[in-house]
Amino acid sequence: MRTIVFPASFEQLDAIREFVGQAARDAEMSETEICAVQMAVDEACSNIIEHAYHGRSGEIEVTSDFRDETLTIVLRDYGDSFDPRSVPQPDLTSDLEERQVGGLGIYLMRQLMDEVRYEQHAGAGNVLFLVKRRRRQP
Amino acid sequence: MEVTTQYFKHCALLTVTGRVDSYTAPKLSEAIEAVNKNNVFKIVLDLGELEYMSSAGFRALLVGQRTCRRYNRGEIVLARVPKKIYEAFELTGFTPLFKMFDDVTAAVGSF
């Protein structure tokens, strides 16, 4: 299990993707799985920076843990609570003019991971669990 | 992320390299808007050397596409979309919104 605390800034997304990408590589996940984890965590952290901290300074604690064929990334922040479940699923079939620009990140997160779980702890921040199971390599 | 812009007779070619995320997507939007300011709305985006694009990049493309298609004055088409980025496009239902070409010459020639 490894934890790094990153400043909550868009500038850090590269380093955050690198950290979770390495965790997925260490877990011997496939290239597709590594990309999925990186993208899902990027989307989650972008939301934290934008909707939990509203661009104010803060921290995102990123923990990776691989066990029982499952990689769990835990993101903890101390900003405003932001439950991804409160965001409606975007309409992915509407035409160009009607297409919504919001909600895509959360939708992607759910599609790319096996499980996305949000918990709010009084005084201990918001915690988002992003879970990806390693598929058996052929 | 880097964007380089070239103007052809009938369109502009924007070559996007590196990684597009919430940090760099505004730069992509600015590059598209700069071309629009020159009254050019037919744009080819060459994504062949693009390593990564998050939904922030998708949003930049969506907003750009809306501006370019308005009044039927043009559109953004994509060339050499890397496989893993194409897969994310598919997941978000973006593929019907952009014409895609396997090579840049064909994309530029489509205008």
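**Notebook: helix α2(B), then both chains**

Buried means 20 or more other C-beta atoms within 10 Å of the residue's own, exposed means 12 or fewer, and partly exposed lies in between, with C-beta atoms placed from the backbone. Helices (H or I, at least four residues) and strands (E, at least two) are DSSP runs numbered from the N terminus.

The model is predicted: local features need pLDDT of at least 70 and side-chain atom pairs count only at pLDDT 80 or more, while totals for chains, interfaces and linings use all residues. Residues are numbered from 1 along each chain as its sequence is written, and chains are lettered from A and ligands numbered from 1 in the order in which they are written.

**α2(B), continued**

I counted eleven of the 15 residues of α2(B) as buried, so the helix is largely enclosed by the rest of the structure. I then checked its length: the 15 residues should span 21 Å at 1.5 Å a residue, and the end C-alpha atoms are 21 Å apart, which agrees. The expected span is 1.5 Å times one less than the number of residues. After α2(B) comes B:Tyr71, with a positive phi near 60 degrees.

**Chain B as a whole**

I find four helices and six strands in chain B, in the order β-β-α-β-β-α-β-α-β-α from the N terminus. Its radius of gyration is 12 Å, close to the 13 Å of the globule rule for 111 residues, so chain B is as compact as a globular protein of that length. The radius is taken over C-alpha atoms, and the rule is 2.2 Å times the number of residues to the power 0.38. Along the principal axes the C-alpha atoms of chain B fill a box of roughly 30 × 25 × 25 Å. Of the 111 residues in chain B, 45% are buried.

**Chain A as a whole**

I find three helices and five strands in chain A, arranged β-α-α-β-β-α-β-β from the N terminus. For its 138 residues a compact globule would have a radius of gyration near 14 Å, and the 15 Å of chain A agrees. The C-alpha trace of chain A spans about 40 × 40 × 25 Å along its principal axes. Buried residues are 33% of the 138 in chain A.

**Strands of chain A**

I took pairing to need at least two DSSP bridges between two strands. β3 (residues 70-77) and β5 (residues 125-133) of chain A pair antiparallel over eight bridges, and A:Arg76 has A:Val127 in β5(A) as its bridge partner. β4 (residues 115-121) of chain A also runs antiparallel to β5(A), joined by seven bridges; here A:Glu115 stands opposite A:Val131. β4(A) and β5(A) form a hairpin with three residues between them, and A:Gly123 in the turn has a positive phi of about 80 degrees.

**Where the chains meet**

I counted 20 residues of chain A in contact (C-beta atoms, placed from the backbone, within 7 Å) with 20 residues of chain B. On the chain A side, α1 (13-26), α2 (31-52) and α3 (104-112) each give two or more residues. That side divides into ten nonpolar, four polar and six charged residues. Nonpolar covers Ala, Val, Leu, Ile, Met, Phe, Trp, Tyr, Cys and Pro, charged covers Asp, Glu, Lys and Arg, and the others, Gly among them, are polar.

I looked next at α3(A), where seven of nine residues are buried. These buried residues pack against α2 and β4 of chain A, and against α2 (55-69) and α3 (83-91) of chain B.

**Core**

I defined a nonpolar core as buried Ala, Val, Leu, Ile, Met, Phe, Trp, Tyr and Cys residues joined through C-beta atoms within 7 Å. The largest has 70 residues, and those with the most contacts inside it include A:Val37, B:Ile43 and B:Leu45. α2(A) gives the most to this core, with twelve residues. Beyond four places in sequence, A:Val37 touches A:Val20, A:Ala24, A:Leu71, A:Ile73 and A:Lys132.

**A loop residue**

I ended on A:Gln89, in the loop between β3 and α3 of chain A. A:Gln89 is exposed, with 9 other C-beta atoms within 10 Å. Leaving aside neighbours within four places, A:Gln89 is in contact with A:Gly103 and A:Tyr107.

Conventions:
Two residues are in contact if their C-beta atoms, placed from the backbone, lie within 7 Å.
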